[in-house]
Structures are given as C-alpha cells and as structure tokens.
Amino acid sequence: MRQEAIDAMSPYMSGIYANPSGSHRFARLARKAIDEARDDVAEALGCKVGEVIFTSGGTEGDNAAIFGAARNRGGISICSAAEHHAVLHCVENLHGRVVSVDATGVIDIAELEAALQDPQIAGNVSVVSVMAVNNEVGSISPLRQVAKVVRAHAPNAVLHTDAVQAACWQDLREISKLVDVLSVSAHKFGGPKGMGITMQRLGLQIDPLIVGGGQERDRRSGTHNVAGIMATAAALRVTDQTRNEEVARVTKLRDALVDGVCSEIEDVLETVPRDKRVAGIAHMCIAGCESESVLYLLDEAMICASAASACASGAMEPSHVLTAMGVDKQHSMGALRMSLGHTTTESEIDRAVNAVVGVVRQLRRNKIKA
Amino acid sequence: MKVLVAMSGGVDSSVAASELLDQGHEVVGVTMRLWGGESDTGCCSVSDVDDARRVAQQLGIDHLVFNFSDDFNKHVVAPYVQAHVDGITPNPCIECNRHLKFDRLSERARVLGFDAVATGHHAQVSRDATGTYRLTRGHDELKDQSYVVYMLDQAELAYTMFPVGHLTKAQVRDRAVALGLRTATKPDSQDVCFISKTGGRETFLGNRIEFRKAAVVTADGEKAGAVDALELVTIGQRKGLGLPGGGPKQFVVDVDTPNARVVIGNEEQLLRTGLAVGNVMWANVAPGVGERVLVQCSAHGAAIAATIENLAPLVLRFDEAQRRIAPGQSVVCYDITNSHVLGGGIAEAVNPTSN
C-alpha cells in the first residue's frame with residue numbers, strides 16, 4: 001500500500017472508530033472524514049460527489065452494475081469476450097451476449113453494433129459492459145466508439161466500464177464522462193484490498209445489489225469501512241496527482257523490460273502492440289515454455305510474476321483473454337504477465353530481465369534433455 | 001537432493017513430505033489439478049488442495065499447484081469413456097499414474113531442476129547387486145500399491161521416491177498424528193476421483209455416451225435376460241443381468257460389443273488358464289519364456305503362479321484355471337518370491353490359443 005494510504009487510515013482504526021451513520025460526536029468526525037474523502041474521489045473521477053459509491057472492490061462494482069441493471073430493467077446484458085470474470089460471469093449467468101475481441105484484445109465495434117441492432121434484442125438491452133483496459137494484456141478499449149454505438153442503437157441501456165486496470169494509467173475523468181457506471185478497485189492504485197469505488201450517474205435506474213441499512217444513498221448498504229475509505233481516497237489522490245509523470249517513467253521501464261527479454265531470447269511474442277496498451281503491463285508469450293514452470297523458476301529468483309487468472313485451487317487456468325484474441329496454443333501456454341507500478345525501479349527491471357532470460361534458457365535447455 | 005513431492009491432500013503424501021524433510025532433502029510440495037468437472041470424491045477437489053497446502057504450511061515447505069487438467073482429460077478421462085464403448089474395463093488410476101504422475105509431473109520436475117519426484121504410494125524402490133533398480137512391494141502387505149505403479153522403467157525408477165513405502169499404514173497415521181497434521185485421520189480415497197458418489201459411473205458415462213441395450217444370452221445363444229447398458233457390463237459380473245431368480249450361479253463370461261450381446265455361463269465357463277497381455281513393459285530386461293512368475297490382476301488381488309508361455313505377444317499360463325480377467329485390466333508380473341515387479345501390461349480381449 002502507498003504510505004499515504006496507510007497514514008490516512010490509521011486514525012480511523014484507533015481514535016475515531018465510530019460508525020459514521022451514528023449521531024454522536026465521534027460519529028460526526030467519521031462522517032466528516034468520509035464526506036471529505038468522497039469529495040477527493042469525485043474530483044479524481046471527474047464526477048459529482050453524489051455519484052461516488054464506496055464498495056468492497058471491482059468485483060462488487062461489476063456485479064452491482066450488471067445485475068443491478070438487469071434486475072431493474074430486464075433485457076439483455078452484453079459484454080466483450082475479454083472482460084474480467086467479474087463481468088463475464090455476470091453476463092453468462094444472465095444468458096447475455098458476449099461480443100468478440102480483435103487480435104489486440106479490444107471489442108469488435110462492428111460486431112457490437114450488429115448485436116445492438118439485432119432484431120431479437122434491439123430496444124431490449126439492459127446493460128453493455130466494456131472494460132477500459134484489459135487486466136491481462138493491458139490493451140486499451142476504444143470506449144469513445146463503444147459509447148457512440150451504444151448511445152446510437154441502445155439509448156436506454158446502461159453503459160458500464162470496468163476501469164480497474166485503468167486507474168493508475170489513464171485519467172479517469174476522460175473515461176467517466178463516456179459511461180453511466182464505472183468501477184475500480186483500490187488495491188490496483190496502492191489502496192487497501194477489499195475496497196473499491198463505483199461512479200454511478202445520478203438518477204440512473206439500477207437496483208442495489210446489497211440492501212440493508214441504506215448507506216450510500218440506498219445504493220450500497222453496509223456500515224462504512226471508514227479506514228478503508230480514507231486509505232482509498234488518499235491513494236487515489238496521489239495516483240491522480242502523479243499519474244502523468246508515472247506513466248512516462250513506467251513506460252520507459254516497461255519498454256526496457258520487454259526489449260531486454262526480446263533481444264536475448266527468441267520466439268517471444270509481445271502480446272499487444274505498445275501503442276495500444278497501458279504502461280504498467282508487460283505481457284509476453286514465450287513459445288515452448290509453460291507458464292507454470294516459468295512462474296516457479298521466477299519465484300525462485302525472487303521475481304513475482306503472473307500468467308492468467310487462478311482458479312479456486314490456485315491452479316493457473318488457460319487464459320480466456322488469449323483464447324479470445326486468437327493467440328495460438330504454442331504461445332498462449334507460455335503467457336507471462338509482469339506488472340509495474342509506482343514502486344518499480346530501474347535496477348528491478350535489470351534484475352527481472354536477467355531472471356526471465358535465465359529461466360527461459362534453462363527451461364528450453366532442460367526440455368531438450370527431459 | 002531437491003525433491004518434488006506430489007501431495008494429494010491425503011495422509012500418505014503428507015507423511016511422505018515429512019519423511020523427505022527428515023532425510024534432509026530440499027522439499028517442494030505440488031498438487032496436480034486434474035479434473036475441472038464436478039466430483040465430490042476427487043483427489044483434486046478444492047478441499048483436498050486446501051489440505052495439501054495446509055500440510056505444506058505446517059511442514060514449512062513451499063506448495064505449488066500445477067494445472068494438468070487438459071492432459072488428464074486426454075490421457076485418462078477420454079480413454080476411460082471410450083473403453084466402456086469398446087467393451088473394455090479400464091483402470092483410470094493406473095493410466096493417471098502412467099501419464100500424469102510419472103510422465104507429465106516427472107517431466108515438469110526434470111525441467112524445473114528437481115533431482116527426484118516423490119509420491120505417497122506404498123511401494124519401494126531398491127537396487128540389486130548390479131545396480132539395477134527394482135520396484136519392490138510396499139512394506140504393508142495390505143496397503144501395497146506396487147501394482148498401480150508397475151509401469152515405471154529404469155529411468156523413472158531412478159527418478160522416483162516412495163518415502164512411506166517402508167512403513168505400515170498404521171505407522172503413517174501415527175506419524176501424522178505425532179506431527180499434528182490435519183490429514184492424520186482422513187479416510188483413504190477409494191473411488192475414481194472424477195466420478196461423483198451421488199451419480200456414480202452410470203451417470204458419468206450416461207452424460208457422455210449413449211448406452212446400448214443388449215441381450216443376455218447363454219453360450220448356446222439362448223436368450224436369458226437383458227441389460228439397458230452394455231457399456232456398464234464387466235466380465236465376471238453376476239448382478240443386474242435381468243435373469244430370473246434361482247438356479248446355478250451365472251456370470252458374465254463374455255461381452256460381445258459388436259453384436260451387443262452379453263454371454264453368461266457358470267463359473268466353469270468363466271475359467272481360463274491362458275491370459276494374453278498387450279502394451280507390455282518390463283522394469284528391466286524381459287524375463288525368459290518358461291520363467292515362473294506370480295501374476296496380480298487387480299489392486300489388492302492375490303498373486304497367482306503362472307509361467308511365461310510367450311513373450312511377444314505376452315501370454316501367461318496359470319498353473320490353475322482362473323476366472324477370466326476383464327480386458328483393460330492391468331496384469332502385473334512379480335518375481336516368484338513375490339517381492340518385486342518384473343513388469344506388466346493390459347489384459348487383451350482375445351484369448352490365447354490352447355485355452
């Protein structure tokens with residue numbers, strides 16, 4: 001977590017432990033704190049203060065948007081094939097429609113437009129959910145075009161974006177103005193795990209996913225996680241203020257990482273072109289190496305990387321994103337995702353390049369022997 | 001040595017990991033995720049992976065999960081289904097050992113730089129005076145699992161460790177209790193891991209293949225009964241054949257898949273002295289024709305005296321007639337003192353001549 005976030009939450013875990021919905025003096029102090037936090041978040045999101053909802057994270061935000069819209073309006077839910085499971089599984093659960101993505105992992109606009117005009121569902125679309133940035137490969141969605149076709153062909157549909165991976169690298173104001181609902185996770189920008197923010201347009205007809213005490217203007221019940229909210233707002237504030245410099249700095253590091261690996265080992269696919277993805281994700285597909293083996297040896301070399309999403313048992317699942325993008329099995333089995341952030345340094349990149357190159361060489365050498 | 005121990009979440013592999021640590025090895029635990037479908041018995045269910053991980057944490061070793069579900073489906077589940085279609089009685093646990101534990105996993109371990117793979121099987125690897133590796137029966141006669149790992153050749157035996165093979169099951173449990181392992185009292189797994197207790201084999205196969213109705217006939221071709229699913233009938237079976245009550249005991253003596261007929265007969269008609277075996281592999285060099293061996297045809301079956309009548313194809317001749325072995329079952333030859341595995345293969349559908 002960012003130090004600013006830890007500092008911001010500490011007072012609310014000891015001295016000011018009150019429930020902000022109460023009426024006594026300590027409750028009022030807690031209420032003042034989250035009111036101010038909400039102001040800061042609204043500023044960073046470029047939305048009205050009343051449009052900010054604090055949640056338990058991106059998964060809740062995604063579920064609330066899709067199930068909330070479907071429950072309120074009925075009709076069909078639509079998303080892209082490369083969405084995070086927090087979106088994809090909601091749409092599948094509702095027997096909605098999944099639109100293909102292109103080779104870079106972004107939604108096929110023509111297919112989306114055709115789906116919205118399909119006589120079977122035209123006029124009966126409850127929600128369209130398209131991620132701002134893909135969580136595995138980092139590709140940036142053409143949300144402006146998505147918004148254009150959705151508004152043209154399904155003006156009554158809710159347009160939602162899972163912006164979890166965008167928060168660090170893109171100005172959320174530019175995204176929020178295009179959509180009706182936007183959800184982010186705090187831990188992606190240095191805030192606490194188990195916290196998130198949803199921006200929901202005022203007056204938008206969506207049923208709440210969680211009902212109870214009526215917090216967050218009846219849109220999300222449950223006692224406020226005051227410390228979590230304070231830390232989330234603090235982390236977002238710093239992220240927003242330092243974003244431009246960080247994007248420039250991390251882009252250089254990311255390019256150095258990918259260039260370093262690709263110059264030393266053969267048959268590595270840079271999964272998405274650099275101009276089509278955000279700074280913080282270096283995604284490569286290494287032919288002839290299995291992700292599980294690469295990750296194990298990288299871990300031994302003290303490099304913590306990832307491949308795709310893990311299932312409940314902790315096993316790596318084949319990536320639905322790479323499958324949707326049409327990456328061949330020889331490459332997709334060797335998927336390697338390395339994430340960079342505000343703490344990443346140049347010397348760490350040098351170490352990572354050496355480790356990846358060493359690991360891939362070892363695996364390819366041993367494979368011939370085995 | 002750096003050892004990768006396969007941890008299923010059961011007590012044997014838990015203690016195996018602990019034994020390796022006691023021997024001073026560098027140990028990493030791994031649980032293979034094999035089956036993605038629904039099942040409540042599986043050795044790869046989430047709760048079993050949790051058990052394996054928690055034991056690894058208790059022992060202070062790293063724990064990995066490898067997803068081999070594609071290979072498991074290809075080498076174990078799909079052939080299991082096809083075997084039933086073909087009128088063969090498969091042994092999926094042996095195929096899992098052959099293709100997953102002692103092929104996919106050991107290859108992965110080699111690539112990652114491990115010196116050996118270990119499992120919790122009750123079997124032992126020893127070396128004779130010439131340095132040849134031997135797969136020896138587990139110390140606990142009742143729990144011996146050398147039968148299910150008979151496919152190990154010299155290269156695999158050299159790379160494999162069975163750290164609990166020298167212990168009795170009771171000793172294994174005692175050690176687990178002494179270590180406070182959460183798996184200490186966990187029951188032994190009995191069932192095919194990908195088949196749920198509630199639905200059973202019938203439901204599993206029924207979801208994947210269309211069952212054929214079949215007539216049950218005597219050796220003379222006289223109709224005696226009927227079954228709804230030819231695919232579920234096994235040689236030696238007595239129940240569920242739609243036969244009238246009373247009369248002498250009747251057994252399935254043959255499953256005629258092409259003609260969708262189940263042939264029944266009395267016990268005598270089920271007896272054979274000859275057994276043809278395919279897909280044969282030997283732990284070291286092949287024995288000679290005329291060599292006396294003991295033959296085991298099920299996981300806890302008796303070892304029966306026989307002579308090697310022919311080597312290629314392998315034909316075994318029992319001293320005394322035995323109930324016919326269902327095609328698809330593994331047939332494992334032990335040395336005549338019943339101490340170690342010589343090799344084995346899969347029972348063939350055809351009967352050897354001079355029956």
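In this predicted model, the centres of domain 1 of chain A and domain 2 of chain A, taken over C-alpha atoms, are separated by 28 Å. Domain 1 covers residues 3-239 of chain A, and domain 2 covers residues 243-369. Where the two domains of chain A touch, 22 residues come from domain 1 and 22 residues from domain 2. On the side of domain 1 of chain A that touches domain 2, nine residues are nonpolar, eleven are polar and two are charged.

**The sheet of chain A**

Chain A holds an open sheet of seven strands with mixed pairing. The strand order is β1-β7-β6-β5-β4-β2-β3. Strands β1 (52-55) and β3 (97-99) of chain A stand at the edges; each has a single partner strand, so one side of each is left without a neighbour in the sheet. On average, neighbouring strands of this sheet are turned by 20 degrees against each other, with direction ignored.

Strands of a sheet pair through backbone hydrogen bonds, in either a parallel or an antiparallel sense. One of the pairs in chain A joins β2 (residues 76-80) and β4 (residues 125-129), which pair in the parallel sense. A:Ser77 has A:Val127 as its bridge partner in β4(A).

A helix also lies against this part of chain A. Helix α2 (residues 25-45) of chain A lies across β1 and β7 (196-200) of chain A. The direction of helix α2 of chain A is at about 110 degrees to β1(A).

**Strands of chain B**

In chain B, strand β2 (residues 26-33) pairs with β1 (residues 2-6), and the two run parallel. Strand β2 of chain B is also joined to β3 (residues 62-67), again in parallel. Seven of the eight residues of β2(B) are buried, so this strand is largely enclosed by the rest of the structure.

Particular residues mark these pairings. B:Val3 has B:Val27 as its bridge partner in β2(B). For B:Gly29, the bridge partner in β3(B) is B:His63.

Helix α1 (residues 11-22) of chain B, together with β1(B) and β2(B), makes a right-handed β-α-β unit.

| Strand pair | Sense | Bridges |
|---|---|---|
| β2(A) and β4(A) | parallel | four bridges |
| β1(B) and β2(B) | parallel | five bridges |
| β2(B) and β3(B) | parallel | six bridges |

Conventions: Residues are numbered from 1 along each chain as its sequence is written. Chains are lettered from A and ligands numbered from 1 in the order in which they are written. This is a predicted model: local features need pLDDT of at least 70, side-chain atom pairs count only at pLDDT 80 or more; totals for chains, interfaces and linings use all residues. Two strands pair if DSSP finds at least two bridges between them. Axes are lines fitted to C-alpha atoms, for helices over the stretch in contact, and angles run from 0 to 180 degrees between N-to-C directions. Two residues are in contact if their C-beta atoms, placed from the backbone, lie within 7 Å. A residue is buried if 20 or more other C-beta atoms lie within 10 Å of its own, exposed if 12 or fewer, and partly exposed in between; C-beta atoms are placed from the backbone. A crossover is right-handed if, with the strands pointing away from the viewer, the path from the first strand over the helix to the second runs clockwise. Domain bounds come from an automatic or database domain assignment. Ala, Val, Leu, Ile, Met, Phe, Trp, Tyr, Cys and Pro count as nonpolar, Asp, Glu, Lys and Arg as charged, and the others, Gly among them, as polar.
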